[in-house]
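This briefing concerns the structure shown below. Please consult the sequence and the model together while reading the points that follow.

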Amino acid sequence: MGLLGPSGCGKTTLLRLIAGFERPQAGSIYLSGRPVAGPQWLPPEKRGIGMVFQDYALFPHLTVAKNVAFGLSAGQRRARTHAQNRRRRVAEVLTLVGLRGLEDRYPHQLSGGQQQRVALARALAPRPPIVLLDEPLSNLDAKVRLQLRQDLRDIFKAANVSGIFVTHDQEEALSVCDRVAVMHDGQLVQVGTPQELYNAPISRFVAEFVTQANFIPAQHHPQLGWVTELGSFAAPHVPQGASASSPHNSSGQADAMIRQDGITLISDSAGDITVRDRQFLGRENRYCLQLPSGREVVARLASDHEFSIGERVKAIVADAAVSLYP
C-alpha cells in the first residue's frame with residue numbers, strides 16, 4: 001500500500017501513528033484484527049512492526065551483519081533465539097536484499113542504495129507482518145532509485161510481507177505499490193489501484209496531483225456538446241464522486257481535464273496553437289502549448305517526431321483522455 005500526497009498532508013504522521021510513535025487523539029488502529037491504538041494501547045516494541053526510515057538509521061559502529069542482527073535480536077530476544085539461528089536468518093535476509101558477501105562492511109563503506117538495503121534487511125529479519133517505509137528512496141540518485149523501485153516489489157513479494165510505503169512522488173507510488181491511498185490536508189481522499197487512480201480520479205485534486213493533467217474551461221452547447229479551446233466533446237466522462245452536483249448544471253460550465261498523453265499534434269501553418277517550449281525526456285518530448293486565449297497546456301508525445309519551438313500546430317484530443325469536473 002502506498003501513501004501518496006504533497007508535503008505536509010499527514011503521510012508521515014499517519015505512519016508514526018501506525019508504528020506507535022504517536023498516540024491518536026481519536027479513533028482506533030487495528031493490526032491484523034488486533035487493536036493497537038484507541039481504547040487499548042500497545043507500545044511500538046510490542047506491535048511487531050518493521051520500520052525503514054528515510055535516513056536509514058544504521059548504527060555506524062556495527063557491521064552490516066550486526067546491524068541486521070540487532071533488529072532480529074530486538075524482535076526475538078524473548079524467544080531466546082540461538083546465535084546459530086540468528087546467523088542463519090541474517091544470511092537469509094542479506095541474500096534476499098542482494099547484499100550477501102558484505103556482512104563485515106560498515107555503513108560508511110556502503111553506497112546509499114546498499115545502506116537502504118541494510119535498513120530493509122534489518123526490518124525484515126524478525127519476520128514482521130508489516131513493514132513501514134517513510135520515503136525510503138528520497139535520498140538516492142535517479143538511477144539507483146529506479147532500480148530499487150523494482151527491487152522493493154520483488155523483495156516484498158518474495159518475503160510475503162505487506163508494506164506501507166510513504167512518498168510524495170506520483171510515479172514512485174504508481175510503479176511500486178499494488179494499491180495507493182492519496183492524502184490531502186490530513187484526509188484520505190481516494191484509495192485504489194494505480195490504474196484506478198490514474199484513469200478515474202474522483203476529484204480535481206487527485207487528477208492534478210496524480211495525473212498532472214491539464215484543466216481548461218468547457219462550455220456546454222446543445223448541438224456541439226462541451227466546447228473547449230482544444231475541441232468539442234459530446235459526452236466526456238464524469239468521474240463517480242467527482243462532486244455532489246453534476247457538471248451539467250444550469251450555467252453549462254465545467255472544467256475539462258485533458259491528459260497530457262491524450263493530446264496528438266499535427267503540424268499546421270494555419271493552426272492557432274503555438275509550441276512555446278519543448279523538453280526532451282528520452283522516450284518522449286514534453287511540449288508546452290500556447291492556446292489562442294494565452295492559456296498554456298502540456299502535451300507528452302513520443303520523441304520519434306519533433307515539433308519546433310514557435311511552430312504552429314493543430315491538436316487532436318482522444319475522447320477517452322477527457323473528463324469533466326464542476
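Two strands pair if DSSP finds at least two bridges between them. Helices (H or I, at least four residues) and strands (E, at least two) are DSSP runs, numbered from the N terminus. The model is predicted: local features need pLDDT of at least 70, side-chain atom pairs count only at pLDDT 80 or more, and totals for chains, interfaces and linings use all residues. Residues are numbered from 1 along each chain as its sequence is written, and side-chain values use heavy atoms, with hydrogens and water left out.

**The sheet**
- Six strands form an open sheet with mixed pairing, in the order E4-E5-E6-E1-E7-E8.
- Strand E4 (49-52) and strand E8 (187-192) are its edge strands, each pairing on one side only.
- Four bridges join E4 to strand E5 (residues 130-134) in the parallel sense.
- Gly50 has Val131 in E5 as its bridge partner.

**Helices on the sheet**
- Helix H4 packs on the sheet and touches E4 and E5, where contact means heavy atoms within 4.5 Å.
- Helix H8 (residues 204-211) lies across strand E1 (2-4), strand E7 (180-184) and E8.

**The H4 and H5 pair**
- Helix H4 (residues 112-124) and helix H5 (residues 142-159) have axes that come within 11 Å and cross at roughly 20 degrees; axes are lines fitted to C-alpha atoms, for helices over the stretch in contact, and angles run from 0 to 180 degrees between N-to-C directions.
- H4 and H5 are therefore roughly parallel to each other (angles under 35 degrees).
- Residues of H4 that meet H5 include Gly113 and Leu120, and those of H5 that meet H4 include Val144 and Phe156.

Definitions and conventions:
Parallel < 35°, antiparallel > 145°, perpendicular 65-115°, else oblique.
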